[in-house]
Amino acid sequence: MSVQDDLTAVQRCLDDLSRSVGRLEKQLGTAGLEMRRVRTDANHLRESVALLRDAAASPTAQRKPELVTIPDTPYDDSLWIDTDDEGLGARDRHAP
């Protein structure tokens, strides 16, 4: 199953959930905190799936990160002139 197929299946389930929540609202009313919380959670799920669908459709989501090759040769010692060793201080000074 592809990602789009899975997202479509999730969307169908969310549509069923939304219809069921609507029926519950008709039976129980919309005034209760619990019913508002269920409606809000269902809406958040719908928004999250929409974001997933957008992310899956964008070309940057499918692009692999560029690998950087790090050479095995040691770094040039001139890079470390006038640097402090972390926790030890400067080379020509003593720790207090």
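This is a predicted model: local features need pLDDT of at least 70, side-chain atom pairs count only at pLDDT 80 or more; totals for chains, interfaces and linings use all residues.
Visitor: How many salt bridges does the structure hold?
Guide: Asp-15 pairs with Arg-46 at 3.1 Å, N to O. Arg-19 pairs with Asp-16, their closest N and O atoms being 2.2 Å apart, and Glu-25 meets Arg-39 at 3.0 Å. The count for the structure is 3.

Visitor: Is Glu-25 buried or exposed?
Guide: The cut-off for buried is under 20% relative accessible area. Glu-25 comes in at 18%, so by that cut-off it counts as buried.

Visitor: Which residue does the side chain of Glu-25 meet in a salt bridge?
Guide: Leaving aside neighbours within four places in sequence, Glu-25 contacts Thr-30, Met-35 and Arg-39. The salt bridge, at 3.0 Å from N to O, is with Arg-39. Glu-25 lies in helix 1 and its partner in helix 2, so the pair ties together parts 14 residues apart in sequence. Both residues are buried, Glu-25 and Arg-39.

Visitor: How many residues apart are Asp-15 and Arg-46?
Guide: Their side chains meet in a salt bridge. Asp-15 sits in helix 1 and Arg-46 in helix 2 (residues 33-57), so-called distant parts of the chain, and the separation is 31 residues.

Note on methods. Residues are numbered from 1 along each chain as its sequence is written. Side-chain values use heavy atoms; hydrogens and water are left out. Buried means under 20% relative accessible area, exposed over 50%, partly exposed in between (1.4 Å probe, protein chains only). Contact means heavy atoms within 4.5 Å. A salt bridge is a side-chain nitrogen of Lys or Arg within 4 Å of a carboxyl oxygen of Asp or Glu. Helices (H or I, at least four residues) and strands (E, at least two) are DSSP runs, numbered from the N terminus.
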